[in-house]
Amino acid sequence: MGGESPAEKALVLLRSRLCNHSYILKHFSDSSDSNYSKLKFTLSNSITEACNNSILLLGPRGCGKNAVLDLVLSDLQVEHSDLISVIRLNGLLHSDDNCALKEIARQLCMEHQLLFSKMASSDDNSHFMIAMLRECGLAHKTIIFVLDEFDLFAQGKQRLLYSLLDALQSVTSQAVVIGISCRLDADQLLEKRVRSRFSHRKLLFLPPSKEYLHRLMGNILSLPTDSSFPYEYAIAYNAKLQNILGDQIFTEIINKLSNADSSLDHFLRFLFCAVCYMDLDSGFLSIENFKTALLSIQRQPKLESIKDCSVLELYILVCMKRLEVKEQNSYNFNSIMKEYKVIHDSFKTSDFYAQNVCLRAFEHLIQHELISYMDNRGQNQSVEFRPVKLLLSSHELYQGLKSNGSCPAILQKLIDREI
Amino acid sequence: MIWKDLGRLSRMIIHLRRLSTLRAVNSQRIAPRELPSSEMYHFFWIRRETKVSDSLLGAENFFFPEEMVDEETPQVTKRMTRSCFSTTHSNSSTETRKKSDPRPLSTTDDSVIGEEPTNLDTLLSCFPGRRLQIVELLHLIGPLNCPMLPLFLYGGASTGKTSILLQVFRHLKRPFVYSSCRTCYNPRILFESTLNQLLLHRRNMENSYSSAKRCERPADFVNFLREALTDFINNLKGYVRKSNLKESVEQGDGRMVYLIFDSVELIRGWDKNSGIISLLFKLHDILKMPDVGLIFISNTSPDTYYSNTGYVEPIPVHFPDYKEDDLIQIFMRNQKNQKLYSSFLETVLRPFSRITKQADELSTAFQPLFEKYCEPISDMGIAPNDDMKRMLFGHLRPHIASALNEVFKVSSVSSVKVEAIEDKARRKDSIMKLGTGDASNELDLHLSISAKYLLISAFLASRNRATLDASLFDSTGGSDSRKRRRKSSGTTMEHKENAEKEMLMKGPGTFPLERLLAVFQCLISVDESSVEEEQQAASQLESEDREMRLMSDVLLQLSTLCNANFISKGGSCPLEGSTRYRCNVSEEMAMKVARRLKFPLSKLSAAKFAELLMVYVFHTGSDSILIFHVDVFQTWGGGISRSPCASISAP
């Protein structure tokens, strides 16, 4: 597409970089103690020495477990192209044993150009899997099972895990089972018979350090100074970027961001937002972009929805707060209405509306999930009688009332008194 | 399955006709989404019906640019959302398919297809007060052919999330797949609808309304989806290449396809939901296709999607409620007489926006008021001066207060008409009163007499303690017993009264079947005795006969009432082991039914019970209770009416 301006091209390039995790990790996987090299060492060892292995990749969400694994696997596929075949399962999709066996059979068939029968029973599939493991073992081909959301496979009878790990015990088979989970206690979830067959190798993934992030940013956001961009533009852009990265304000923004959530994924999302806001006319990133990105990433949804509330809805919230302060253990719409009437009677407010109008406002609040029903029981009971609870802390309510432009002074006063 | 759907559809259409009459007159074209009727609030079935209409409006299209609105009838709204998809890539690979496909249902598609893509200015002007959001969306979706991270649009009802997003895609001319979790109300339908759209499959007579792929499990869905997306994107790429050869496309389709999931908050309510919502949020990582963009639309904020092990959060985009200025701009659109309407808005918007800021609800409230406002004016094109404004305001002011209190009411007759009718009836009454006038006087429940009695007895049983039954239904009423015990002190009286009120606030109580039947029996006998007094001629035999007739199918009636959710079945009582029932009917409703039966329910009304409790329970002779008990016992055999027994133990 020749018609694009360099700025637009730069934007597309940056965005595709940010959406591609393996690109991001590629440049930072060389150090010898990184998870990448550890994982790669273990895997290539088990491939070349034809042994069975099992390993768990643990760590909080968004720390690049999957991305590192993908990187390792793609490297291995280049190095030993016909020695491995990868089977991917996801706990969200295949936590059911039958479903998982079927998926394994399907992927094995795809891999080896066999005909896959949808009608095969789970017993057939299981036998097929064992047979394939044996065949592959004889052919010195390693099957790598990747179980994403490993903790979900550990629900129920764990038949799949058992049969997989049990197959690893035999001499003929040659396979690696890799579990990925964000639960650090994932191996504690296993049954005894499964746990004893598991190798207890674990790799821990942690959120990246600040220095790492800094290097990463410089790498991701800078443009290549080769022929793909006009030379002057790329130079000017990179200089501007270095300027921003060195800025004190920028460091503060990054600190704020990583104080809330320092995972790699969160950080990339932030960068993605910032890049999206790039001004296409000038074609340069600015510090403002990062500021707006921070604001749009770090939202305070509760405050936002209190800000949106109408006056009547605020009244109801304050009434509920008062009831909670009075330590009424359970209250419903009718008790709120009683409280509302009390407020009205004692302060002679102008906002007094009929019950059905209030009920409607009450339902709006439920829709916004500022309040919710105590329990899911009694769904056939009408709304007025179901006990409810407030989902706001008093601080949030206080802040929200302050930020709401149309909040009547009387409510402010009431809530001040309560806190 | 199909017939069930058809039945549902016809019901919806009937309901929508009603809605459309409500919205047709004025020009905001804001679909009233949920219209609760206050006087019939606890009729669960009615409320459910309004939900259904909601689901038909499905896409939550609440605000459309004019050219679409002109042909739009409420039924079309749903079609709209489907056809959006076919529109956006009508010039791509579908073209040939479209021509060959007769598609009997596509009468309205043409208007949509023929439409030119909107440019940015018209897009912005279509949605007053949404400039920030539109610009943000455009930024995040980005230029042609660039990958994106999943987005999460959230904001309250009727803030224009869906319609803005759809219009943005129309503006960008990019292919997308839209499925609303409101219309696709279970995982299977959601999956299949997404796949159908991707595979350009339309359910029709020939394929007997079946989907392209049958898939129930998430695992199958992901596999099918990956296949379909790959095919689709390859098609798009091929198209882009071809069109590049033929002519330079100024702003072509690109090779990205976007999956939009609307109302995802509903998924949380689905059975075994845990998987689906995390699956959708993780779909981007699972698919690993850079050519697919995911967009979620939700009513509730991202922090309401808790899950045990968390999820990778999409990028949030917030749609705040409209401010007052925005609302003015919205309501001023499509108004014939701008000046008149703005002076009208000046008077009404401020008080109403204290109650609600939702544009759809406000528009339904404003429509009758504006009619009222215009009443004194003969020439509708007039531009009002200050005097006139004052005059009109004076004319309208009395109505505002009453209208405020029925903002969300829907009656078969609009409130203004009701006012007019009642104006004629009793001129002297103040207008304030008229607003709350009983619009549903004509409403008749088509229930049999015995069902009505059953309803009343359920109401009584639900609102009162079992210990009160004796004092209420004792034929002698205990009033003739002269020996009064000491009067209980004022404080205990008050205490009991408070407890009573507390209980009423907690909602209707539950009762076993036997108690219901006993109360029912009493009511019937009371009624019959009064009838007999009037008509002495009726013979004993005949009355007995009648009694039997009333009682014969009483259980059948009970199940009818249960089905209509007048009475709900609760869990069984752990002690007695029998099912317990609860009456869901409000007091007004019960009163209405009682009035129809000429039954003096108001005399037994809840307010008097505390008093009754004090006066009667302490000194009703146990003989009379026994008589009552025996009476019931004879009719209904053993094992019933524990409640009168309980009342014996009370003194």
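**Figure 1. The open sheet of chain B.** In this predicted model, five strands of chain B line up in the order β2-β3-β4-β1-β5 to form an open sheet with parallel pairing. At its edges sit β2 (176–180) and β5 (315–319) of chain B, each of which pairs on one side only. Going from one strand to the next, the twist averages 20°.

**Figure 2. A close look at β1 and β5 of chain B.** Here strand β1 (residues 151–155) of chain B runs parallel to β5(B), and the two are joined by five bridges. Look for B:Tyr154, which stands opposite B:His318 in β5(B).

**Figure 3. Helix α8 of chain B packed on the sheet.** Helix α8 (residues 131–141) of chain B touches β1, β3 (257–262) and β5 of chain B. The direction of helix α8 of chain B makes about 160° with that of β5(B).

**Figure 4. Confidence along chain B.** Chain B has an average pLDDT of 66, and 57% of the residues score at least 70. Within chain B, strand β4 (residues 292–298) has the highest confidence, with a mean of 93, while helix α6 (residues 109–113) has the lowest, at 31.

**Figure 5. Two stretches of chain B with pLDDT under 50.** Residues 410–442 of chain B stay under 50 in pLDDT, and the model gives this stretch 34 contacts beyond four places in sequence. Residues 477–486 of chain B are also below 50, with six contacts in the model beyond near neighbours in sequence.

Note on methods:
Residues numbered from 1 in each chain as written. Chains lettered and ligands numbered in written order. Predicted model: local features only at pLDDT ≥ 70, side-chain atom pairs only at ≥ 80, totals over all residues. Heavy atoms only, no water. pLDDT = per-residue confidence, 0-100. Helix = DSSP H or I, 4+ residues; strand = E, 2+ residues; numbered from the N terminus. Contact = heavy atoms within 4.5 Å. Pairing = 2+ DSSP bridges. Axes fitted to C-alpha atoms, helices over the stretch in contact; angles between N-to-C directions.
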